[in-house]
Amino acid sequence: MAQGTVQVTHTGTSRWRRRTGEYASLAAALEAAGDGDVLTVAPGTYRENLVVERAVTLRGPEGSPGSVRIAPADGVPLTVSASAVVQDLHVEGQDSAAPALLVEDGTPELLDVRIVTRSAAGIEVRGSARPTVRRCTVDNPAGIGIAVLDGGSGVFEECEVVAAGQAAVAVRGGAHPRLERCRVHHASGVGLSATGENSSLEAVGCEVYEVRGSGVQVTGRAAAYLTGCEVHRTSGDGVTLDTDAVLTLADCRIHDIPENAVDLRSRSVLTLTRTTVQRFGRNGLSVWDPGTRVDANQCEISDSTGDYPAVWVSDGATAVLETCRVHDVPDALFVLDRGSRADVVDSDLSQVRNTAVSVSDGATAQLDDCRIREAATGAWFRDHGSGGTLSECTLDDVQTGVIVTKGADPTVERCTVTSPTEAGFYVSADGRGSFLHCRVTGSGGYGFHIIDGCRTTLRKCRTERCARGGYEFADGGPGDVGGPLVEDCTSDESGGLRPPAPPREPAVQRAAGTVGLLSSVPAPRVTEPALPAAPAAEPQATARTARTSADVLGELDALVGLESVKREVRALTDMIEVGRRRREAGLKAASARRHLVFTGSPGTGKTTVARLYGEILASLGVLEKGHLVEVSRVDLVGEHIGSTAIRTQEAFDRARGGVLFIDEAYALSPEDAGRDFGKEAIDTLVKLMEDHREAVVVIVAGYTAEMERFLSVNPGVASRFSRTITFGDYGAEELLRIVEQQTEEQEYRLGPGTSEALLKYFAAIPKGPTFGNGRTARQTFEAMVERHAGRVAQLAEPSTDDLTLLYPEDLPELS
């Protein structure tokens, strides 16, 4: 029932429309109005579902914003399917299955409309609609703020989503809206989301903050273009790209992000221009997977609040940084995995606590005309297959300029290292490398320090004012078989090389309290090979790893049920095995991510499959031992500050070389967490997974719904797991098979009619939250054995059949 009346001013020229009318309801006014008419709505609350199908103007009274409320009990409060103007209305919806304001067609204008609702979406635009939406606000704590779907578009100017129960702005189905000077905040999901082929989102001068998911998420072949935008104070990553997504950021600011500022993977492409990334808890740029690429020009990445590299490139991805600045970070650039590449041109890497550039696991880095200052290590090429080029670079105020170890083979040409405290260039442990026209001045140690007889090439290099000497060749001097090759190199120490020194321990040592030349590898996910465990220390693990993968897969196949689980595990095994064979053949192989999520009810075999999975990985040489360490919240979370990290570290250390299985992992992140220490366990665990990515496989497990919540509120955890495997409940026939297996193992037999009775028993047993699946089957068998014993004990001389046969009467009563 309307409160007030509706005044309609007709603008038509026909006689019957030359009048001003008043109507008791909005629906009646809309029915009477024609194109061009103006409907001025009197203040009040209108419990109507309005449909605007003509090019009219529908507005509230001037000077009284919010005085007209469109608030039906259900359905869509306001549908616009014409090129109308809607202004100064307050729309309220209550239908969780419908939007509050639906734009279906035409090019309407929505001006100063406020939507306060608990609907599926605050504003939904779809199909051929092309609205212009200005100064509108959406408050929808139950659903999406603004949804543009199915080819819809439009322009949103100076709009605001003040709350959303899901994404603040969602674009999908080939839609392509433009946002100008909009603000979205306090969303329970993503801030700006674009997904699906041909979907795109353009945002200019917008701000995204205080969202529980990623600030911006582009997935599934969608594209987005952000200019002059700001993303900050998210709970998840700042920007996320996945699965062939394309994103361009120009003149944007991404800051105060607890996770990755920007994370992209699965062939996504990101272009950054004049964009700043500041105060991030994990990586500033995290780039994964073959075909994934980031191009950054005139960008700044700085002020990390965590312990992770500012730029992380792995699994065959590519990063290009041109005229960029990276500073005030633990590590600047880490490139790892065969096929991964970083090209850095005319850029500054400074105030780096550990390593400015780290190249490992067969990756490649090329730096041209770059400046590295105030770092513990300028560039570290770590292991076999790792290499690249440093050309025309300067390294100043570092502990060590360039380190080459373990078979790495870079080319360093026309580079200058000034005032290193330990060494200009250091090569050891079968490192190689070619140093051409390089120069070291003012070293606190040696200029070039090459030990272990490394086959390094030095041509036309020069050292000046090096405290311990220009060149040191411990364990093999120039000209020695297998030693370094030195041509036309000079020093200010009498103009040439010093005589080869006798073999000795390297004099360059780590400075107290700092990360120096001989310190442990500071890289997340890059570790030194662990020493083999003594055979006596792990007799069971040694025995397990002696089995082939075929043996272990045979045991997996013998498990009752779990057909989908078996397929998933076999698929993972096949990927790992083929990857190994491709590497052996000298081909590129995708880096398989091995961490898993197991979801399902208790007793469905999650722990058993985790144990077998560890053995499979050990048999394939992926894990050293393959043993299983099972923990839960009580094993990881301490009672006071600091104890949780210690417990989590200890559990992780016990699992080195095997599988860390965390049951009921969602208990680490309770819904009413408050000051709970579970978050500390999660943070510690994620860091360890990155620091020691090859040493331990982590499996988190629990009820399906609870694990979905756990992963949704911890995007930093979710991104570390490759896939989820769901363990379904056992059916009656599968439970019977488990009992039959137990019967055979314990040398019992099922008497006539017992199998049928068990089927009926398992079909009737309550399947509530306490149902234990395989555990219930085993408990049923144990109860039958107990009742059988009570029955047979009364017989004076029981026969073999009496001692072995179980009958229907041995079944326990259903509770």
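Guide: Here's a tour that starts at the largest cavity and then moves along to other sites in the chain. Keep in mind that this is a predicted model.

First, the setting. The chain has 14 helices and 65 strands. Of its 815 residues, 55% are buried. If you take contacts between residues at least 6 apart in sequence, 54% of them join residues at least 24 apart.

Now to the cavity itself. Searching the whole structure for cavities of 30 Å³ or more turns up 2, and the largest holds about 40 Å³ of space. What lines the largest cavity? The residues are I662, A665, L668, I682, L685, M689, V700, F710, V717 and F721. By class, that lining has 10 nonpolar residues, no polar ones and no charged ones. Helix α8 (residues 678-691) supplies the largest share of the lining, with 3 residues.

Let's zoom in on F721, one of those lining residues. F721 sits in the loop between α10 (715-718) and β63 (723-727). Is F721 buried or exposed? Its relative accessible area is 10%, so F721 is buried. Leaving aside residues up to four places away in sequence, F721 touches H595, L596, V597, M689, V698 and V700.

For contrast, take the second largest cavity, with about 30 Å³ of space. Its lining is made of V216, L226, C229, V231, V239, L249, C252, R253 and I254. Here the classes come out as 8 nonpolar, no polar and 1 charged.

Back to F721's contact list, which includes L596 and V597. Those numbers fall within β59 (596-600), and T604 is found in the loop between β59 and α5 (606-619). T604 is buried, because its relative accessible area is 0% and buried means under 20%. Not counting residues up to four places away in sequence, T604 touches L562, F727, G728, D729, Y730 and N773. One of these, L562, is 42 residues from T604 along the chain, and their C-alpha atoms are separated by 8.1 Å.

Next, the aromatics. The whole structure has 10 aromatic pairs. In one of them, F448 and Y471 have ring centres 5.4 Å apart and planes at 5°, so that pair is stacked. The pair links distant parts of the chain, with F448 in strand β53 (residues 446-450) and Y471 in strand β56 (residues 469-473), 23 residues apart. Both F448 and Y471 are buried. They also belong to an aromatic cluster formed by F425, F435, F448, Y471 and F473.

Y666 and Y703 make another pair, with ring centres 6.4 Å apart and planes at 40°, so this one is tilted. Y666 lies in the loop between β61 (659-662) and α8, while Y703 lies in the loop between β62 (697-702) and α9 (704-713), so the pair ties together parts 37 residues apart in sequence.

R265 lies over the face of W288, 4.7 Å from the ring centre, and R282 lies over the face of Y308, 4.3 Å from the ring centre.

Last stop: two arginines with backbone angles worth a look. Most residues other than glycine have a negative phi. R135, though, has a positive phi, near 55°. R135 is placed in the loop between β15 (132-134) and β16 (137-140), and at 38% relative accessibility it counts as partly exposed. R233 likewise has a positive phi near 55°, but R233 is found in a strand, β28 (residues 230-234). With a relative accessible area of 36%, R233 is partly exposed as well.

Terms used: Residues numbered from 1 in each chain as written. Predicted model: local features only at pLDDT ≥ 70, side-chain atom pairs only at ≥ 80, totals over all residues. Heavy atoms only, no water. Helix = DSSP H or I, 4+ residues; strand = E, 2+ residues; numbered from the N terminus. Buried < 20%, exposed > 50% of the residue type's maximum accessible area, 1.4 Å probe, protein only. Contact = heavy atoms within 4.5 Å. 1 Å grid on protein atoms, 1.4 Å probe; cavity = no way out; pocket = protein on both sides within 12 Å on 5 of 7 lines; lining within 4 Å. Points joined across faces, edges and corners; volume = space filled by probe spheres on them. Nonpolar A, V, L, I, M, F, W, Y, C, P; charged D, E, K, R; others polar. Phe/Tyr/Trp six-rings, centres within 6.5 Å; stacked < 30°, edge-to-face > 60°. Lys NZ or Arg CZ within 6 Å of the ring centre and 35° of its normal.
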